[in-house]
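Visitor: Please show me the model. I would like to go through its charged pairs and one of its interfaces.

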6 protein chains.
Amino acid sequence: MFLPRKILEEKLQKMLAEDIGQGDITTSLIVPKNCTAEAKVIVKESGIVAGIEEAKILLESLGLKVKTLVADGERIKAKQVLMEIVGDARAMLSVERTLLNLLSRMSGIATTTEKLVERIRKAGLKTKVACTRKTAPGLLYFDKKAVFIGGGDTHRLHLDDMVLIKDNHIVVAGSVEDAVKRARERVSFSKRIEVEVTRVNEALIAAKAGVDIIMLDNFSPKQIEKAIKLLKQAGLFGIVLLEASGGITAENIVAFASTGVDVVSLGEITDSPKTLDISMEIMEIKKNA
Amino acid sequence: MFLPRKILEEKLQKMLAEDIGQGDITTSLIVPKNCTAEAKVIVKESGIVAGIEEAKILLESLGLKVKTLVADGERIKAKQVLMEIVGDARAMLSVERTLLNLLSRMSGIATTTEKLVERIRKAGLKTKVACTRKTAPGLLYFDKKAVFIGGGDTHRLHLDDMVLIKDNHIVVAGSVEDAVKRARERVSFSKRIEVEVTRVNEALIAAKAGVDIIMLDNFSPKQIEKAIKLLKQAGLFGIVLLEASGGITAENIVAFASTGVDVVSLGEITDSPKTLDISMEIMEIKKNA
Amino acid sequence: MFLPRKILEEKLQKMLAEDIGQGDITTSLIVPKNCTAEAKVIVKESGIVAGIEEAKILLESLGLKVKTLVADGERIKAKQVLMEIVGDARAMLSVERTLLNLLSRMSGIATTTEKLVERIRKAGLKTKVACTRKTAPGLLYFDKKAVFIGGGDTHRLHLDDMVLIKDNHIVVAGSVEDAVKRARERVSFSKRIEVEVTRVNEALIAAKAGVDIIMLDNFSPKQIEKAIKLLKQAGLFGIVLLEASGGITAENIVAFASTGVDVVSLGEITDSPKTLDISMEIMEIKKNA
Amino acid sequence: MFLPRKILEEKLQKMLAEDIGQGDITTSLIVPKNCTAEAKVIVKESGIVAGIEEAKILLESLGLKVKTLVADGERIKAKQVLMEIVGDARAMLSVERTLLNLLSRMSGIATTTEKLVERIRKAGLKTKVACTRKTAPGLLYFDKKAVFIGGGDTHRLHLDDMVLIKDNHIVVAGSVEDAVKRARERVSFSKRIEVEVTRVNEALIAAKAGVDIIMLDNFSPKQIEKAIKLLKQAGLFGIVLLEASGGITAENIVAFASTGVDVVSLGEITDSPKTLDISMEIMEIKKNA
Amino acid sequence: MFLPRKILEEKLQKMLAEDIGQGDITTSLIVPKNCTAEAKVIVKESGIVAGIEEAKILLESLGLKVKTLVADGERIKAKQVLMEIVGDARAMLSVERTLLNLLSRMSGIATTTEKLVERIRKAGLKTKVACTRKTAPGLLYFDKKAVFIGGGDTHRLHLDDMVLIKDNHIVVAGSVEDAVKRARERVSFSKRIEVEVTRVNEALIAAKAGVDIIMLDNFSPKQIEKAIKLLKQAGLFGIVLLEASGGITAENIVAFASTGVDVVSLGEITDSPKTLDISMEIMEIKKNA
Amino acid sequence: MFLPRKILEEKLQKMLAEDIGQGDITTSLIVPKNCTAEAKVIVKESGIVAGIEEAKILLESLGLKVKTLVADGERIKAKQVLMEIVGDARAMLSVERTLLNLLSRMSGIATTTEKLVERIRKAGLKTKVACTRKTAPGLLYFDKKAVFIGGGDTHRLHLDDMVLIKDNHIVVAGSVEDAVKRARERVSFSKRIEVEVTRVNEALIAAKAGVDIIMLDNFSPKQIEKAIKLLKQAGLFGIVLLEASGGITAENIVAFASTGVDVVSLGEITDSPKTLDISMEIMEIKKNA
């Protein structure tokens, strides 16, 4: 998920503009023009850092100089300094909250993702941990990128991505077969097709209909195993990818992954993330000559 | 926080546009043009609902008809139907995730806020529960409005609001007194002035300097009581408002509120909200004549 | 490629705003306020019509009433009336050129696409005809949708779509194998991987590396046949999709398709389209009471 | 048509953002951060180059260094290098298609324009070759500038430009005389007035009504000569400018120009341009220390 | 200057959004949802009204019903009711100031313009009264339209309009002749050329160089007469239009107009307008059933 | 009112884009590429300068070098040079009018404000001089900042600022008491509450209801004195702030201020400002090697 700097700058400026309103009145009343400040961005708890690249672009776009001391994806410890900033004190104070809100959210998502990925890795499995489209409205790029940095799978980025036939589409089409058939008729060769199924035997129907991926929605690990058994009997296991979704938590993720599915996905990674506590401290300030 | 419909529409369309990308390919492949669908929006867990007004505007702006069955701020139970939607099936399916992401987040924030407010009310206290500026970047209006619906205080909306002199401003100004003095010299008569203090005796200094509100940052309940004692001795208690901030949780919020502060504030309300689980189900579909 | 009406409206209004500048001075000088006009949109040459849906939304968003007489994808003949418009004469005259520019371009692209698709169908083949990312900057949605309406394949919609490893990526990675390996390591399970190859034996290398699609770039039909032979010998034909690209024209498209590739792609469909000649004629005008 | 760099940057970033979507996934998977690449932009066929200035601004806005080897309006030959680019490999690969789409379209339009202009010049005539408002929606500036670079006349830029009374305006006004009269009453002194006529004798009526320019719409060269004869008899030839429009092609343009009209205009220059084939090749790549 | 409603709506919503910020907190605290209010917009002083069309669109875009009692350009008297509004009380109160700011400014500009035009008409002259590009940044359309409604000439709308060669251009070109020559070489046939001269004899030079209009900058009426005399002697008076600019006021405008110039222009009309005092009064309010 | 440079740049570019349209045709026809010009910005009348910071950002964002010779808020004299500019001649000429429109308006507002402030200061009073929300639509930031630079009070910035209960809100609420009560129930602790009263005894009612500020609307100085007397008798004078508004002019401002109110406010400062006459002169021009 590479975005050229100019495009990221614009997204970041919109966040900043929202938070500032018609101007930072506290800063303009208290901080003289032409003061140079030095500050540190410090994390208060351990985790996986994300958003360093975006933070740097945001700060530099305001004319501030940034020395990053960690890179996206690194494990960080409490009290660790993430970056040092030097430059105009007014600009620095005005951007503080937007900067921290972004870093805290992205690092929180990356940290949560990494914990889940780690559990699976420790269990000796290769199952992918994916997020969903349950991102904060407007933050899609940032939420998805944080998942990627945490070692997760970004799943669909938007509705023009992969074809994903969900429950409501099947209601409209009448059946899984009909829905898949309609999709296959005119879909671009560049797209995968996934279908969401809610009963064990539907998995077999979907696989026979020729989809690339089957989402086993709200299946228990036992139900997943049954479905896999059916697929194996039909010689279709390993031909279609399997994604388990619904009811998966940090506690049961290994049980789900152990069934043999290729992907486990959790809405909570991006929709209810616990942010990482990060703060900015001004270390020194001087009036320019 | 009243925003005219057209302005809200534009914010909501941007969220939708982000999620859709160049078009909902699944829907266009599977759902014929000119189909009318009927759907229900159903909550899966109890809480306080928020975002109903925004949801209605979003749906109506796509030409869908909406019958809302609950109003913002109402307590809702699991399986309760929040609204019924009728209209073009393609539009309905394309907006589903954006609609649910918004409703889930706003309802989650309102639910969390209300729980905190309720604890204080049950303890027979009148302390206000406020959020902070730790909102999701880009969602300021929605996060703050959800707090308001949950019975909370929205605090500053942006940096042009109240003057809030924080730690870093004091570093720049040299002292609490100097920071307050500079602010008072040129601040508009329409603004309140709050100052953040980190030590007990600074609260007295700030009150003497003539601020309207003092934020007691990371004070324990004991320290707060000490500060209040000092203010009482100086005859300044009741003249300035007191806000406790930092380290406040659902568990200790009553202890903080019991000290006699006017406001307790928590970043977590908006920065790490647990969303409410809400879904949309298509009940019927028919091809237009 | 379904986009909700509001999002399309905004794209269309930007086109209109560009063409109007600070106002249509001719119309405001000559056409009185509150005149109702009736007009017909007429095509001057035969082809496949596209853009009807967009045209309707554009006109309706200005308060004009539209009766469409053809649907997107229909074959139209010279002098055929595409739609009838009734409403404010000033609005109608101001939107005329933007309306016609859009309809002419989309219909031109659909017509060109359909001719190519038809040649292949008449030869008894099922090869898909795809466009590329050589669209007019800013018109991606409209160009791709016109290709779809003409029966073509829309290929990648943007750079976050399928992974497509091109010549320059291979230069960076060092070899086809290394490029594919890097991509497969962290790519989302929701994406296909395509690689562009320029020599016959690279096709085999790519297939072995596990890509989903191979683009045979600037291969002659003979070279394609050689590549297919190699793939068959390795038991990989039918496992990977094959796309022929480069040097394909209306004249030789059947020769390319006959080789057995799954897709033939042509940049010219969207990058140098011949527009269809369409005009608007005001039939009647009356001053409102 | 001079636009300050910042305004052009914004237009160009919008094109880029559309093509990239949520990020260039291929590049981010394959190309490491902090690699420097060197590339050449090479044209594959001869023509007149246009868009060099815009290309430079687009590339520089992404932090890339550009050395242009040709200037807008120069004649270029197949295999000629247009510019050399050095800088971040990820940025370079992400912008490749947007860059080439712009350069190819603008150069294609300039090349077509120049051929027409050259035919007239070789015939010893001074007739201007103009485009129309049939530009690609959203590309007005770029299409018109390419025409200018090719030696053509940009005609009206938008509807607030010159007054141009067309067929539909005349239907509304009732007659050519009435339409012109209404326009002259309140038009700004800064504007020219042109009227479109479809019959020979209307040219005389229009000239007598005091317009600045007469557009002879779909006149054959013979009809044009008749109209000129009428104007000469009335002593109005040379007082009003004459524009021939409709049915003009590269083949007959000299015949039209030879009649003595001041301007010949063709929609095809901008509405169905043949793009010039241009590509970007990475020559070298190195990982930054 | 006709702009389709949708385009105007967007401009007006931006004004409203700026004034509202994150929401009208006073209105949301005091005015219940679902109240219908009736209000009148009343002018407190006499003048020429402008902005009625824009006001109506702004109000209707918020779902309010509007009955306009006057039309743009009408003479209005103190205490006259301009329009009646019915609809949601919250929307009405939120838009009040934006509505009045727009109406007051446009009516103020129209009133000032009309006074100047009237002086000239009463003196039996036909000289046009033009504004300049000294509009409030961002309000170009509204300022120019108000001038038009007041009977004035809108002059250039932007820099892509007529060619206007000013003092600084002449410095660059070296001389009036050279500047005009360069412009004439490549200017579109659709554009007029005006040149600003500061000395009497330069007017003759400019006329001989073939410009369409000469701006006599900071000429006294006497100097203008001298220039006209020179032009008459050269047989060029009546061939070029003459615009007097600089130092013109309500007091001396007739003296300037009497010299025989075609246009007098004043920056003050749009740059320092005296607004008309207009207010909105709620007449009745009721809670919806 | 501190806004980071990037956010200001965007506001300023929009102004420029509006004035330029599709390009500065005069400049591109007359001024060669790659010319460097030197210019001075000169004021023609005395006053208080404002907009220097914004002017610098606007010019620098186009790549021009600026040396400012005065700072915002300084008193300037006729013929004084405000800044020197060096850089690309085309960019400089294209931005001239936007630059001057901004500087002239902001300096005009600051000059008017300062005169009013000075009268009060000379009368030995400390009354604040405030503007209102009667700013030019779209120019809120610039108008308010100019008032601040002139020594005035910026009052509410938008509707989410302080609660200001106006006449129409009271009509809805039924009475001053009810309106204030409703507001106090749910308003954030961070906001002040002001109420507008139109009769002397309402001032007492408002003060008793617990508002922070009372706006005495259209009170004569005598009526103000009566209201103050009532407040003193009730022991409420000095507890609530008093703002006099309506009918205040440069002539009577001292009489109003002498009554003892804390603030006098005037809509005219921002709604009918007299701009300061400022121009740009090119001193030298040279063709780059």
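**Salt bridges and an interface**

Guide: Lys191(A) is buried, at a relative accessible area of 4% (buried is under 20%, exposed over 50%, partly exposed in between; 1.4 Å probe, protein chains only). This is a predicted model: local features need pLDDT of at least 70, side-chain atom pairs count only at pLDDT 80 or more, and totals for chains, interfaces and linings use all residues. Residues are numbered from 1 along each chain as its sequence is written, chains are lettered from A and ligands numbered from 1 in the order in which they are written, and side-chain values use heavy atoms, leaving out hydrogens and water.

Visitor: Which residue meets Lys191(A) in a salt bridge?

Guide: A salt bridge is a side-chain nitrogen of Lys or Arg within 4 Å of a carboxyl oxygen of Asp or Glu. Here the N to O distance is 2.4 Å, and the partner of Lys191(A) is Asp161(C). The pair crosses between chains, from the loop between helix 7 (176-186) and strand 8 (193-197) of chain A to the loop between helix 5 (140-149) and strand 7 (163-165) of chain C. With a relative accessible area of 1%, also buried is Asp161(C).

Visitor: How many residues apart are Glu53(B) and Lys145(B)?

Guide: Their side chains form a salt bridge, 2.9 Å from N to O. Glu53(B) sits in helix 3 (residues 52-61) and Lys145(B) in helix 5 (residues 140-149) of chain B (helices are DSSP runs of H or I, at least four residues; strands are runs of E, at least two; both are numbered from the N terminus). The pair links distant parts of the chain, and the separation is 92 residues.

Visitor: Which helix holds both Glu118(A) and Arg121(A)?

Guide: These two form a salt bridge, with the closest N and O atoms 3.0 Å apart. They lie 3 residues apart, about one turn of the helix. Both are in helix 4 (residues 89-122) of chain A.

Visitor: How many salt bridges are there between chain D and chain E?

Guide: In this interface, 27 residues of chain D are in contact with 27 residues of chain E (contact means heavy atoms within 4.5 Å). Asp212(E) and Arg192(D) form a salt bridge at 3.1 Å, N to O. The count between chain D and chain E is 4.

Visitor: How many salt bridges are there over all chains?

Guide: One network links Lys33(A), Glu53(F), Glu54(F) and Lys145(F). Over all chains, the count comes to 102.
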